[in-house]
Amino acid sequence: MYQENDYLLLSGLQHIKFCPRQCALIHIEQLWSENFFTASGRVQHEKVHSGFAESRRAVRTERDLKIASSVLGIIGQTDAVEFYPDGKIIPIEYKHGEPKEDTCDEVQLCAQAICLEEMLNRKIDKGALFYFKTKKRISVAITDELRAETIALAKEFHTLVEIGTTPKAAYTKQCESCSFIDVCFPDSAGRNKSVANYIKRRLSQDLISD
């Protein structure tokens with residue numbers, strides 16, 4: 001159980017799942033870098049959060065709810081939460097792109113479910129992810145395995161922030177889609193690598209893309 005003064009942002013769970021170094025740059029060094037994908041996602045989320053509560057066929061949808069969990073030690077807000085007459089609660093997370101190969105999005109959704117369970121004293125068995133690119137809503141089961149992963153990532157997130165040291169850069173394929181690539185310099189990390197070679201590679205990549 002965490003004290004309120006130790007709560008961290010819920011979004012950090014997705015960040016540390018994607019890349020601990022990116023997570024540290026955001027939540028320890030307080031940096032933020034935006035690219036086309038994050039900018040588009042931000043605009044779409046602003047549209048979602050600008051909506052009001054609504055009811056359709058007895059289903060009430062609340063947007064932008066402030067949520068927190070002492071178990072995870074996190075605080076954040078929801079995109080949307082559906083409340084059904086039978087007591088069922090379904091959190092919905094909106095994403096800019098399309099379904100990912102890993103569980104980054106599912107972990108963020110599970111964290112929201114855990115927060116809502118703690119605050120409302122209700123069991124939540126599933127949530128949903130809506131992807132703007134595919135315009136599809138995907139149902140996500142809040143399984144014991146997903147809960148365990150979410151709790152483990154929350155512990156890792158708190159440990160990272162408590163230590164306060166940003167991990168060294170390590171290049172992977174996913175670095176190319178990260179908005180921090182020009183801040184992180186993952187291509188120049190490691191033995192026998194230099195900034196000069198990194199710049200040459202980046203210039204050649206820019207020429208190819210043009």
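**Notebook: salt bridges**

I began with Arg 137, which is partly exposed at 43% relative accessibility. The model is a predicted one.

Next I looked up the partner of Arg 137. The side chain forms a salt bridge with Glu 82, and the closest N and O atoms are 3.0 Å apart. I placed both residues in the fold. Arg 137 lies in strand β9 (residues 136-141) and Glu 82 in strand β6 (residues 80-83), so this pair ties together parts that are 55 residues apart in sequence. I then checked Glu 82 for burial. Glu 82 has a relative accessible area of 10%, and it counts as buried because that value is under 20%.

I widened the search to the whole structure. It returned eight salt bridges.

I turned to Lys 100 and Asp 105. Their side chains meet in a salt bridge at 2.9 Å, N to O. Lys 100 is partly exposed at 41% relative accessibility. Asp 105 is buried, with a relative accessible area of 1%.

Last entry: Asp 64 and Lys 66. I found a salt bridge between them, with the closest N and O atoms 3.8 Å apart. That pair counts because the cut-off is within 4 Å. Asp 64 is partly exposed, at a relative accessible area of 27%. Lys 66 has 57% relative accessibility and counts as exposed.

Technical notes. Residues numbered from 1 in each chain as written. Predicted model: local features only at pLDDT ≥ 70, side-chain atom pairs only at ≥ 80, totals over all residues. Heavy atoms only, no water. Buried < 20%, exposed > 50% of the residue type's maximum accessible area, 1.4 Å probe, protein only. Helix = DSSP H or I, 4+ residues; strand = E, 2+ residues; numbered from the N terminus.
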